[in-house]
Amino acid sequence: MKKNIITLTAILALGTFSAQVRTVNSATNVSVTNSPAFIDASSNTTVNGSSNVGKGLIFPRVDLSAMTAFPGVTAGIPNSFPTRFDGMIVYNTASSGTAGVGSTQGTLTPGYWYYENKTSSNTGGTWKPVSTAAAGVANTASNGLTLSGNDVKMGGTLSQATTVSGLTATNTLSFTGTGLNAFSVDGSTLSADAANHRIGIGTTTPGSRLEITGTGGFDDDLSLTSNGSSYNSTIIFNKSRGTNAAPSSVSNSDFLGDLIFKPYAGNNYLTTAKIQVQVNGTVASNSVPTDLLFSTGSSVGTERMRITSSGNVGIGTSSPAAPLDVAGNVNISPKAGTASSLNLYEDTANGTNKITLKSPANVATDRSITLPANAPVSGYALVTDGSGNTSWGSVTPSASTLSSIALFASPSVPITPNNGSVSGSVTDQRFFQQFDTAIVNPLNNFNVSTGTFTAPQSGNYLVTAYIVPNAAPYNNTPNYSYPINLEVRKNCGGNASGGSIVMDNAAIRWATPLVPALRFAVNVNGMVTLAAGDTLNLVVYLLGQNSSTSDTAGLSFPLNFSYAGVTTFKALFSVTAL
């Protein structure tokens, strides 16, 4: 399209020229000195015979979309377009697009447009449409707008579909407020508490940063849906010390996030169950040992189960030492038609074979089996007492002799009673029989140095002990009886008079009946019941009067004598498990 620019250069005037002229309705077309009107085309009775016949001004018709340049005459100087076309009005004929020179406000439509240019460049302005509202025509406002005189404001009811577009990092849409329910959608469907910086869904008074309140059904559910094969729906709990702008590492015992379940109980909500994540260990670069905790209860949740950072599961303990560590009883319930069982598998390097511990299909009443407290013994098997209490019993009774020991025979260590040299005083003294040789001690239950036998498990034991004289006894003083008793004591604790007597020879025996070369053997034997860990010792008991001259009623000792020299006696102590 060829563009024509018409410049009016002739000024009709009579008399003195000036900046404003009067034309058309002026009979003489005289200049109008200092008139504020550039062109006065008003009607008058002299020319028109009426003051109501106005004259119109026909503006240039221009297709602004095809106008690509202003005239080449220099602009911006006092005598040549000093305003750089600021305020120029045209009648645009284009019905779409934008102006070819300068910017355009919106999209071109037919009508009056003016050029607003406050810059120092001819093309720096903007084409804007001139309002077509005529005086006396009432303007209206709706769909989220209100009208106050000629002032159109936001604040009405949004009643039509409305799209807000063109939002960017710089062209933003923001809401500010200070009230509890400063912004809302459909009442309580969505509420922004600007005073406390909280969001409520289903409530206008949220108690936390985000609160969802409903009345049941699905209106208080939170649903996350993920489509595709690369990603899953995710809830992320980020935790740090410090601030958002300057975070720092968490520390041992810090909680990283909670899922809390709070039922209402008459007058308040109780924290009866929760799932927590807690740091449990030293935090290092790219390493935070983390445990998962499960708590339940009726008023306050108590930790019931924990999965540690190493994968151990603890039930009733917060420090499980195995892949499954249970503090308390464990029930293995059966499936219908099958008794419960426990499978123990071999090392995976060797295969997948297993040993199954299985309950009988039919049990008349509850049964219990109590394992022995002591360590198992080679060659022994578990035996029960009929009440479910078990002990280690010998598989081969002939090998069940636990200890047989010979007499301590060192000539330098005779036993010297503390009877002293006072005639008529009483000797009342116990001492442990000494041993130096373990004839048979297959399970190492006999301590030779202390003469102590320790029961390896609970059960019944056959005990035999005796003291016999040598073939040619000597050292006894004639005419004295040397009264002696032999005791088997349990749990003495290192004291010859301590513990309890479980067996003795029931009557006083004499080492010699007044004759030096003749002595009786002293012995005890019988069965005793011991618990695992019980101890037995052989104890010699001397009880009688001291005499400086001769025996008194068969119960006398000579003054200052030594008992059991190396060649006088031998002793044997035998314990056999039954």
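The model is predicted, so to speak of local features we need pLDDT of at least 70, and side-chain atom pairs count only at pLDDT 80 or more, while totals for chains, interfaces and linings use all residues. Residues are numbered from 1 along each chain as its sequence is written, and side-chain values use heavy atoms, leaving out hydrogens and water.

Let's start with the whole chain. There are 38 strands and 1 helix, taken as DSSP runs numbered from the N terminus (E, at least two residues, for strands; H or I, at least four, for helices). Of the 578 residues, 26% count as buried, meaning under 20% relative accessible area with a 1.4 Å probe, protein chains only.

Now, which residues touch the most other members of the largest nonpolar core? They are F453, Y461, V463, L536 and F573, out of 30 residues. A core here is a set of buried Ala, Val, Leu, Ile, Met, Phe, Trp, Tyr and Cys residues joined through side-chain atoms within 4.5 Å. Among the elements giving it two or more residues are strand 31 (459-469) and strand 36 (535-547). A second, separate core of 13 residues includes M67, A94, V101 and Y115.

Notes. Buried < 20%, exposed > 50% of the residue type's maximum accessible area, 1.4 Å probe, protein only.
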